[in-house]
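Here are some notes for a colleague who is opening this structure without having seen it before. Please read them with the sequence and the coordinates at hand.

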Amino acid sequence: MTIYTNTWALHVSGGQQEADRIAATHGFINLGKIFDDYYHFRHQGVVKRSLTQQSYHAQKLKREPQVKWLEQQVAKRRKKRDIYSEPNDPKYSQQWYLHGSSHYHLKVEDAWNQGYTGKGVVVSILDDGIERNHPDLVHNYDPDASYDVNNSDPDPQPRYTQLNDNRHGTRCAGEVAASANNGICGVGVAYNARIGGVRMLDGEVTDAVEAKSLSMNPQHIDVYSASWGPEDDGKTVDGPAKLAQEAFFKGISEGRRGLGSIFVWASGNGGRERDSCNCDGYTNSIYTLSISSTTQNGNVPWYSEACSSTLATTYSSGGQYEKQIITTDLRQKCTDSHTGTSASAPLAAGIIALALEANKNLTWRDMQHLVVRTSKPSHLSTNDWLTNGVGRKGNNIQNINFLKIKFIILALYLFSPRPPS
């Protein structure tokens with residue numbers, strides 16, 4: 001269907017003054033030059049949109065010797081070729097932590113609007129495996145970011161049990177890179193990132209198992225996300241042994257072609273037992289980016305551990321009437337009940353993937369600084385905020401002279417890419 005507008009394009013010789021005269025003579029308004037000697041006229045006596053062409057006015061213009069060509073303008077259907085359009089996945093509207101009318105979300109749509117969706121970034125989930133054939137993961141699944149350390153084979157598929165107790169890694173993977181616009185479940189924070197899984201928790205976990213997982217394909221994998229650690233029982237002090245320590249150091253010094261592997265770690269769920277993640281050698285390592293949780297309403301959840309090693313906070317589950325996290329689940333299903341700091345760390349890994357797409361030259365230390373500098377305390381409700389010597393807010397934990405920076409990550413999409421050094 002052709003829709004005719006009330007505007008004409010004309011080729012008029014004689015310049016602007018002649019074009020103005022012709023327009024005024026015949027009841028048009030000269031909207032100005034298009035380029036060269038082409039002008040844009042509008043007639044107020046013609047409806048803005050019509051199914052019929054207005055030949056009467058065109059004939060009057062044609063009689064002017066200075067008019068070399070004219071054409072009534074038609075409305076053309078044009079679609080913005082934006083990378084981002086709001087996902088149509090059935091659970092997306094319920095993913096309160098990604099978007100919404102309240103202030104309590106991660107504002108990822110602002111990053112998506114700028115074209116950052118994780119494309120070209122690789123994230124691997126170190127856990128109990130991931131369901132690589134899950135319909136919401138299969139499009140982004142990366143076999144080069146995957147391995148089964150427990151069984152020494154390339155397939156990270158979880159071991160299925162009656163209790164579905166190997167669902168953890170699949171849930172974490174969906175938070176990072178569940179596909180968008182496929183009519184399945186929800187979407188991941190970095191829904192175009194490549195996602196892999198290292199199956200290493202479904203068996204004896206040794207120093208060698210941890211080290212092999214942490215050093216898996218470091219020139220291919222950008223971000224390692226781990227939501228596990230020692231017992232959160234309030235009495236265990238433990239951390240990486242010799243090989244795992246060396247794997248961390250090798251990752252930050254040699255991974256990503258010398259820029260450094262990025263290790264995202266869940267800070268722990270031992271709040272009820274008064275556990276401290278300061279006693280967890282994985283979360284308090286300088287080489288990891290330790291992530292804790294805040295609830296839908298911005299409260300500190302009951303399971304949160306107080307410690308100065310926590311670098312930042314993202315969303316997760318909370319009280320009885322607060323919502324939890326929507327993500328992929330075992331047996332090709334979808335869940336709306338993913339919980340704990342296990343759910344917070346993958347959200348941070350997804351946000352980091354967006355930042356790495358914006359600037360692949362960021363080092364592992366750059367990323368830690370960016371998380372600190374762009375995280376905001378405004379939507380985390382606690383009564384012990386303090387401002388440190390450089391003007392940043394944090395919590396004073398256990399009367400020590402180190403301020404925990406426990407902020408909701410809100411603004412990683414604002415990173416301006418740094419030119420290569």
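Predicted model: local features only at pLDDT ≥ 70, side-chain atom pairs only at ≥ 80, totals over all residues.

1. A count of the salt bridges comes to eleven. One of them pairs Glu64 with Arg21, whose closest N and O atoms are 2.9 Å apart. Glu64 sits in the loop between α2 (55-62) and β5 (67-74), whereas Arg21 belongs to helix α1, so the pair ties together parts that are 43 residues apart in sequence. With a relative accessible area of 12%, Glu64 is buried, while Arg21, at 35% relative accessibility, counts as partly exposed.

2. Glu18 lies in helix α1, which covers residues 15-25, and counts as buried at 19% relative accessibility, because buried means under 20%. Leaving aside residues up to four places away in sequence, Glu18 touches Val12, Ser13 and Gln66.

3. Another salt bridge is formed by Asp202 and Arg159, with the closest N and O atoms 2.8 Å apart. Asp202 is found in the loop between β8 (194-199) and α5, and Arg159 in the loop between β7 (147-148) and α4 (168-177), which makes this a link between distant parts of the chain, 43 residues apart. Asp202 counts as buried at 15% relative accessibility, whereas Arg159, at 43%, counts as partly exposed.

4. Glu254 and Lys250 also form a salt bridge, their closest N and O atoms being 2.9 Å apart. The two are four residues apart in helix α6, and are therefore separated by about one helical turn. Glu254 is partly exposed, with a relative accessible area of 42%, and Lys250 counts as partly exposed at 46% relative accessibility. Elsewhere, salt bridges with shared partners join Asp148, Arg159, Arg199 and Asp202 into one network.

5. How do helices α5 and α6 lie relative to each other, roughly parallel or roughly antiparallel? The axes of α5 (residues 207-214) and α6 (residues 242-254) come within 7 Å and cross at roughly 10°, and the two helices are therefore roughly parallel to each other. On the α5 side the contact is made by Asp207, Ala208, Glu210, Ala211 and Leu214, and on the α6 side by Lys242, Leu243, Ala244, Ala247 and Phe248. These residues divide into seven nonpolar, no polar and three charged.

Technical notes: Residues numbered from 1 in each chain as written. Heavy atoms only, no water. Axes fitted to C-alpha atoms, helices over the stretch in contact; angles between N-to-C directions. Parallel < 35°, antiparallel > 145°, perpendicular 65-115°, else oblique. Contact = heavy atoms within 4.5 Å. Nonpolar A, V, L, I, M, F, W, Y, C, P; charged D, E, K, R; others polar. Buried < 20%, exposed > 50% of the residue type's maximum accessible area, 1.4 Å probe, protein only. Salt bridge = Lys/Arg side-chain N within 4 Å of Asp/Glu carboxyl O.
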